[in-house]
Amino acid sequence: MRLFPWGKPARRDIRRHPRVQPVRIDLSPLRQRVAKPHGPILLMYGFAALIIVGTLLLMLPFSTATGRPAPFLDAFFIATSAVTVTGLTVVNMGTYWSPFGQVVVLLLVQAGGLGFMSMSTIMLLLAGRRITLGERLALREALGEYAVGGIIRLLRRVAYVSFLIEAVGAAILYVQFSKDFPGVEGVWKALFHSVSAFNNAGFDILPGNTSFVIYNGNLLVMGTLAVLIMLGGISYTVIADFVKTRNLTRMSLDSRLVVTISILLWVMGAVVILLAEFTNPSTLGNLPPGLKLANAMFQSVAPRTAGFASVDIGKLRDFTLFFTCGLMFVGGASGSTAGGIKANTLGVLLASVWSSMRGRSHVEAFGRELPEDVMSRALAVVVLSLGLVFSTILLLSLTESHSFIRVLFEAFSAFGTVGLSTGITPDLSLLGRLIIISMMFVGRLGPLTLALSLAQREEAKSIRFAQERIKIG
């Protein structure tokens with residue numbers, strides 16, 4: 001018995017138990033199997049699903065004006081062209097499709113323009129469902145943004161501004177279309193072409209299947225379409241940045257690059273096309289001087305990347321066709337409805353060339369230094385895009401009997417999701433159509449997916465190899 005509670009405790013019998021060894025289980029294969037697709041892959045799945053749904057809807061008997069189901073390849077081609085906002089077509093859009101079919105095409109264009117992730121998130125918000133972090137990250141990538149915070153508010157603003165611009169554009173176009181088309185038809189044509197122009201799709205449902213050649217003397221229609229194309233091609237973030245600052249020098253570096261490159265290409269394109277086609281009687285030659293300048297400016301804006309035409313593209317001179325291929329390859333801005341390698345990418349490469357010519361060891365633009373990883377991504381996008389286009393040109397040269405310049409133009413138009421054509425699209429062979437379909441899909445998602453994938457695979461910067469110089473030039 002212990003007399004005091006603070007006394008020395010009795011010694012206990014301590015028994016040794018065998019030590020339990022931990023068992024290590026490798027779960028990495030399991031993690032790889034259940035891993036969810038990341039943003040770029042999710043975007044590809046989403047656009048592919050939209051194309052499949054659009055194809056099935058366009059194959060319904062009441063989607064065509066004749067009441068007969070559209071052939072699978074024709075429906076597949078149009079659905080891909082609409083979702084990728086390209087505008088290439090193998091049928092007469094105004095006479096082949098019924099009003100229901102035209103509505104399906106317009107909805108596919110709208111979904112493809114805003115982006116699958118944007119449209120799906122809008123539907124989730126309308127259903128009252130909470131947006132997860134993974135969905136916010138994928139949405140951030142689809143919109144071309146860097147920050148996750150406030151991405152839903154940004155999406156709402158993008159949708160509101162897009163629908164507002166399309167509505168205003170439709171109202172202005174209706175002023176002219178109400179005189180040319182009776183009743184509801186004028187309203188529908190104004191809305192269809194406003195949505196098609198802002199989303200840089202290039203589809204038209206005008207009679208004659210000659211795009212806007214019949215309006216090449218109407219400055220109201222051409223000016224409205226040009227403004228819609230430009231607004232859709234420079235992205236919402238650039239528009240918002242300009243509205244906020246109202247000064248080019250105070251805008252972000254990304255916005256300043258987009259605006260500078262866009263203005264440069266618009267002006268240079270108008271001058272080159274005006275000089276090249278000034279005496280061509282099949283395009284600008286028979287127009288008054290003022291309309292020559294207006295149509296040259298319109299044809300400078302449209303290849304980036306709307307696909308509308310105020311002159312017969314098939315009658316342009318080879319020099320003009322080749323120059324237009326360059327405009328189509330560049331396209332619009334990142335995060336916009338346009339395709340191509342993007343004006344941002346071209347701006348980064350030009351800044352690199354200018355810095356090298358000035359003997360600078362770092363790439364600079366507008367008083368800012370560009371990170372090395374941005375240069376690497378821009379170079380990768382351009383090189384791989386050129387390789388893809390050239391491969392497509394070689395394949396089309398083997399499968400098609402058209403002249404080389406027309407095949408070249410078709411390949412660049414499909415990659416840049418432009419929709420301009422010299423008239424050979426309906427005459428393409430089965431294999432040629434499949435090649436163009438693949439090119440439109442890759443052209444819409446390829447540069448974006450590649451850039452996002454490169455951004456996600458940044459290696460640790462603490463490990464670097466020894467440097468060694470290479471002879472250049």
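The protein chain exposes about 25100 Å², and carbon and sulfur atoms supply 65% of that area; accessible areas come from the Shrake-Rupley method with a 1.4 Å probe, and for residues only the protein chains shown count as cover. This is a predicted model, in which local features need pLDDT of at least 70 and side-chain atom pairs count only at pLDDT 80 or more, while totals for chains, interfaces and linings use all residues. Residues are numbered from 1 along each chain as its sequence is written, and side-chain values use heavy atoms, with hydrogens and water left out.

Of the 473 residues of the protein chain, 49% count as buried, where buried means under 20% relative accessible area, exposed over 50%, and partly exposed in between (1.4 Å probe, protein chains only). The protein chain has 18 helices and two strands, these being DSSP runs numbered from the N terminus (helices H or I, at least four residues; strands E, at least two). Among contacts in the protein chain with a separation of 6 or more, 68% are between residues 24 or more positions apart, a contact being heavy atoms within 4.5 Å.

Helix H17 (residues 404-415) has end C-alpha atoms 17 Å apart, which agrees with the 16 Å that its twelve residues should span at 1.5 Å a residue; the expected span is 1.5 Å times one less than the number of residues. Ten of the twelve residues of H17 are buried, including Phe409, Glu410, Phe412 and Phe415. H17 is followed by Thr417, whose phi is positive, near 50°.

A search of the whole structure finds four salt bridges, each defined as a side-chain nitrogen of Lys or Arg within 4 Å of a carboxyl oxygen of Asp or Glu. In one of them, the closest N and O atoms of Asp74 and Arg433 are 2.7 Å apart. This pair links distant parts of the chain, with Asp74 in helix H3 (residues 72-83) and Arg433 in helix H18 (residues 430-456), 359 residues apart. Asp74 counts as buried at 14% relative accessibility, and Arg433 counts as buried at 13%.

Another salt bridge joins Glu185 and Lys189, with the closest N and O atoms 3.1 Å apart. Both residues lie in helix H9 (residues 183-198), four residues apart, about one turn of the helix. Glu185 is partly exposed, with a relative accessible area of 36%, whereas Lys189 is buried at 8%. The charged end of Lys189 also sits over the ring of Phe181, 4.8 Å from its centre; the criterion is NZ of Lys or CZ of Arg within 6 Å of the ring centre and within 35 degrees of the ring normal.

Phe181 belongs to one aromatic cluster with Phe177, Phe212, Tyr215 and Phe308. The structure holds ten aromatic pairs, counted for rings of Phe, Tyr and Trp (its six-membered ring) with centres within 6.5 Å, where planes under 30 degrees apart are stacked, over 60 edge-to-face and the rest tilted. Phe177 and Tyr215 form an edge-to-face pair, at 5.7 Å centre to centre and 65° between the planes. Phe177 lies in helix H8 (residues 151-180) and Tyr215 in the loop between H9 and helix H10 (219-233), so the pair ties together parts that are 38 residues apart in sequence. Phe212 and Phe308 are likewise an edge-to-face pair, at 4.9 Å and 75°.
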